[in-house]
Amino acid sequence: MGRVTDLAAFSALLTDEGRDLLAGLRHHDPAQELAVASRLRRSHPAALVSAALGQARLRQRAAAKFGADDAHRMFFTPNGVEQATRAPVARHRAEAFARLGVRSVADLCCGIGGDAVALARAGIAVLAVDRDPLTAAVARANAEALGLADLVEVACADVTEVDVSGYDAVFADPARRGGRGRVFAPEAYSPPLSWAVEAARRAPYAALKVAPGVPHEAVPPDAGAEWVSDGGDVKEAVLWFGTAPGSVRATLLPSGATLTASATPPAPPVRGVGRYLYEPDGAVIRAHLVAEVAARLDGGLIDPTIAYVTADELRPTPYAAAYEITDELPFNLKRLKALLREREVGVLTVKKRGSAVEPEEVRRRVKPKGPHAATVFLTRVAGAPTMLVGRPAAAPEGRG
C-alpha cells in the first residue's frame, strides 16, 4: 500500500466513526480477529475496519512502552512502535532538559512523537519534525489525543533544512534502521551522526539519541555520554552537549540511580571467586564503569576481560545484581548435571559471559528436575572456562 493510501487510511481513523471503532477494539482478542472483522464490515467500510484492526494491534504492542492508558489513546505505525523511546526513558530525558531551564526544544526526527509528548508534559514547547507525511500526521494526532497540542507543533520537513536558531535545545534521534535492518555504524544513521553533532552544536543545549553500542571513541570531546537502562535492559545512549563535556555516566531506571566515571578510574584487582558474584547492570557495562562498581564493593574481577565482580561481603548496590555462589566448577556439563540432580534443581537460570555455550543448550543437556532453583554462570575465571552455581543474594538485614 502506497504512502498516500496509508495516509488516507490513517486520516479515516481520526473521524468520529474511526475513533468509535478503535474504542470498541481496546480489548479485542487478535485470535478472534477474523470473526471481529466480518462482524464490523457489516456496518463499516472494509478499508476502515482493516485500518482500525491494524491500529488496535499496534496499540496493544505499544502498551509495554507507553503504558496502557496512553497507548490506547495514541496512534502508531509499525516502525513507530518499534523505534519509539520507551516512556520512562523519554520522561527521564525531558526532566533533565527541564532542570537545565530549557523551555523550547527542536525535536528532529520525531517519529510518532514519544519524546515530544514527554517534553511537552515537562512544560517544554516542542517543534517536532519528521520528513515522512504519515509519521508526522501520527505525531500530530498523538499530541492532540493527549491534550498537548498547545505545546507541540509538528512539521513535515527534512530535518537538515530546519532552522533551529531560537530554540533552547535540540533533540535528535536519527533513524538507525535501513532497508536491511538495524544500522550500527553512526555515519550510516539517517541523517548521519556527524550532521546531528553539528546541529547540536548550534544550540545552547542538545541531546542526541544513539545506539547503546556506540563506540566510546565516536563520542565527540565536547559531549558528555550517558547510557540508560530501564528495568535492567539497556535502551540507549545519549550524547549531551552544553552540560559536562567528557563526562561518562550510567543511569538506571526506574530508580534513577546514576553512576559517573571518576577522573582517575580505579584499577580493580583480578582475584579468585569470593562468596558473592555481582552482575553489573548493562548500562554500567556499556559505560565502561565496572571498575567503579568493583571499587564501591571492595571487590575485584574474576577475569580481566569479564564484567563480573566478586567480593567476600554482601553490600547493597543499585548498579549490580548480587548472587551468593555455592559452587565453582571447571566447565563440564556432566558434572553440572550431577550437581543439579543432587540438589534437586528444577528451575535453572543460565547466564553467560565469555562463553560460547548457549543457555538453551545447557538446559537441554542437564534436564533440570526438582523443586529447587539455582543460577549457573558460564564464564571464565582467570582465563579458564568455569561454571559458577549460586542463587540471588538477599540484601543484608537492616540495609537497603
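## Overall architecture

Of the contacts in the protein with a separation of 6 or more, 67% are made by residues 24 or more positions apart, where a contact means heavy atoms within 4.5 Å. The model is predicted, so local features need a pLDDT of at least 70 and side-chain atom pairs count only at pLDDT 80 or more, whereas totals for chains, interfaces and linings use all residues. Residues are numbered from 1 along each chain as its sequence is written, and side-chain values use heavy atoms, with hydrogens and water left out.

The protein has 14 helices and 18 strands, which are DSSP runs numbered from the N terminus (helices H or I with at least four residues, strands E with at least two). Its C-alpha trace spans about 65 × 55 × 45 Å along the principal axes, and 50% of the 400 residues count as buried; buried means under 20% relative accessible area, exposed means over 50%, and partly exposed lies in between, with a 1.4 Å probe and protein chains only.

## Nonpolar cores

A nonpolar core is a set of buried Ala, Val, Leu, Ile, Met, Phe, Trp, Tyr and Cys residues joined through side-chain atoms within 4.5 Å. The largest one has 56 residues, and those that touch the most other members are Phe 10, Leu 13, Phe 66, Phe 76, Phe 97 and Val 152. Helix α4 (residues 46-66) supplies the largest share of this core, with nine residues. Apart from it lies another core, of 53 residues, which includes Ala 106, Leu 239, Val 248 and Val 309.

If residues up to four places away in sequence are not counted, Phe 10 touches Phe 75, Leu 134, Ala 137, Val 138 and Ala 141. The ring of Phe 75 in turn has the charged end of Arg 59 sitting over it, 4.9 Å from its centre, under the criterion that NZ of Lys or CZ of Arg is within 6 Å of the ring centre and within 35 degrees of the ring normal.

## Strand β1 and helix α10

Five of the five residues of β1 (104-108) are buried, so this strand is largely enclosed by the rest of the structure. In a regular strand the side chains alternate between the two faces of the sheet. Both faces of β1 are covered, with Ser 104, Ala 106 and Leu 108 buried on one side and Val 105 and Asp 107 buried on the other. β1 pairs with strand β2 (residues 125-130) in the parallel sense over five bridges, pairing being assigned if DSSP finds at least two bridges between two strands; Val 105 has Val 126 in β2 as its bridge partner.

Helix α10 (residues 193-200) is mostly covered as well, since six of its eight residues are buried, namely Leu 193, Trp 195, Ala 196, Val 197, Ala 199 and Ala 200. These buried residues pack against β1, together with β4 (169-172), β7 (205-210) and β9 (233-241).

Five aromatic pairs are found in a search of the whole structure; rings of Phe, Tyr and Trp (its six-membered ring) pair if their centres lie within 6.5 Å, and planes under 30 degrees apart count as stacked, over 60 as edge-to-face and the rest as tilted. Phe 66 and Phe 76, both of them buried, form a tilted pair with 5.5 Å from centre to centre and 50° between the planes. In the pair of Tyr 323 and Phe 377, the ring centres are 4.9 Å apart and the planes stand at 80°, so this pair is edge-to-face. Because Tyr 323 lies in strand β15 (residues 320-330) and Phe 377 in strand β17 (residues 372-381), the pair ties together parts that are 54 residues apart in sequence.

Strands β15 and β17 belong to an open sheet of seven strands with mixed pairing, in the order β13-β14-β12-β15-β18-β17-β16. The edges are β13 (300-301) and β16 (345-352), each with a single partner strand, so one side of each is left without a neighbour in the sheet. Within this sheet, strands β12 (residues 276-280) and β14 (residues 309-311) run antiparallel and are joined by three bridges, with Leu 277 standing opposite Thr 310 in β14.

## Cysteines

The structure holds zero disulfides, a disulfide being a pair of cysteine sulfur atoms within 2.5 Å. The sulfur of Cys 109 is 8.3 Å from the closest cysteine sulfur, in Cys 110, which is too far for a bond, and Cys 109 is buried at a relative accessible area of 14%. For Cys 156 the closest cysteine sulfur is also in Cys 110, at 9.2 Å and likewise too far for a bond, while its relative accessibility of 42% makes Cys 156 partly exposed.
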